[in-house]
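Subject: Structure for you to look at

Hello,

Please find the structure we spoke about below. My notes on it come after.

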Amino acid sequence: MTKATMKAIRIHRRGGPEALVYEDAPIPALQPGDVLVRVHAAGISPAEFTWQIWETPEGRSRLPLIPSHEVSGVVVAVAPDVRDVEVGGAVYGLTDFFREGGAAEYVAVRATDLAPKPRSLDHASAAATPLSALTAWQALFDHARLTPGQRVLIHGAAGGVGSFAVQLARWRGAHVIGTASARNVDFVRKLGADDVIDREATPFETVVHDVDVVLDTIGSTIRERSWSVLRQDGLLVTIVRPPPPEWVAGRAVRGLFFIVEPSRTQLNELSRLIDAGIIRPIVEAVLPLHQAREAYERGIRDHPRGKLVLAVVGENGGTR
Ligand SMILES: NC(=O)c1ccc[n+]([C@@H]2O[C@H](COP(=O)([O-])OP(=O)(O)OC[C@H]3O[C@@H](n4cnc5c(N)ncnc54)[C@H](OP(=O)(O)O)[C@@H]3O)[C@@H](O)[C@H]2O)c1
């Protein structure tokens, strides 16, 4: 590769979407184990600017940084020690939260964090998958160990994580209860939920009881209100923010918070389910890369169904 710079979305100061700029940035250098991906599409998480993204775990400032940590694209270079990913392969994956993200023409990613793109998806739909689907998978199967016949309550069931969680819990054979706003009730039922509660019309805790697992994707008061719907020894999994240390003290139920981790093995399993038509990503809209600010603002304002995606490569093969 002869180019040294690329088009990217960057943020130079702590803030929100208003601080995003579309500009030239250095093409990321490969570290051992990395591959360089020409990004075709990148999924966005509207809440990203509320995460602890501004410093590395060692406390160094990351500014300016490139947001968005789920991508679909084509491998254009590999580090000398990478043997299992080839140049030219179409891949998708969740990238390290403390490295430059995917809202750019190129992203350097650990090869082990990528998997072949599902054959049945275009890049935009593939980019809508890794963060949300891996989070749903790890919440339900790694942490909650959901089994067939168990009852699971999924808050925010129409959102990015929630829409995958409904489909995966259904596939596992659980009894799925979702909460959503009125406009999304039918949508969540079609995703596979057995019962859907209009969160604006009915306080969920008045109609839901004896649940084995709650998945909280919303935060606010939802977490506290959810304890009462759990059966004894039931588990509340929250993904929104770490709770205070004493949050489960004295309760007959369990609770945990976790942060999603990349996993090629799980991406391969998700691809298999997607290509078999068992689960599917939900893409509310695809915007060109240079409209990233609008995409994040829309995500924060409108609570879209599933995901908003940035298209980086246009139909003519150029950057958008
Ligand atoms: N810990 C982790 O590893 C991890 C991983 C991924 C995401 N997250 C976090 O999990 C949360 C959900 O992520 P997501 O991508 O699924 O978000 P999302 O796509 O924005 O979904 C959130 C859904 O919750 C519902 N909702 C209800 N009350 C809401 C409110 N006050 N504000 C916003 N939405 C509300 C909305 O649907 P209705 O309008 O139908 O109710 C919306 O579709 C975010 O905070 C994100 O940062 C954490």
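Predicted model: local features only at pLDDT ≥ 70, side-chain atom pairs only at ≥ 80, totals over all residues.

Residues are numbered from 1 along each chain as its sequence is written, and side-chain values use heavy atoms, with hydrogens and water left out.

The ligand sits in the largest pocket. A pocket here is an open set of points on a 1 Å grid over the protein atoms alone, with protein on both sides within 12 Å along at least five of seven lines; sitting in one requires more than half of the molecule's atoms within 2 Å of its grid points.

Around the ligand there are 21 residues, of which Trp-51, Gly-160, Asn-184, Arg-199 and Val-260 come nearest (a residue counts if one of its heavy atoms lies within 4 Å). The shell divides into 11 nonpolar, nine polar and one charged (Ala, Val, Leu, Ile, Met, Phe, Trp, Tyr, Cys and Pro are nonpolar, Asp, Glu, Lys and Arg charged, the others, Gly among them, polar). Domain 1 (5–129 + 281–311) and domain 2 (132–257) each supply at least three residues of this shell; the bounds come from an automatic or database domain assignment.

A polar side-chain atom of Arg-199 is 2.5 Å from an oxygen atom of the ligand. For Trp-51, the distance from a side-chain N or O atom to a ligand oxygen is 2.8 Å, and for Asn-184 it is 2.8 Å.

The largest cavity is lined by Thr-95, Asp-96, Arg-99, Ala-108, Val-109, Arg-110 and Asp-113; a cavity is a set of grid points where a 1.4 Å probe fits but cannot get out, and lining residues have an atom within 4 Å of a point.

Regards

Technical notes
Polar contact = N/O pair within 3.5 Å; in protein donor to acceptor, adjacent residues only side chain to side chain.
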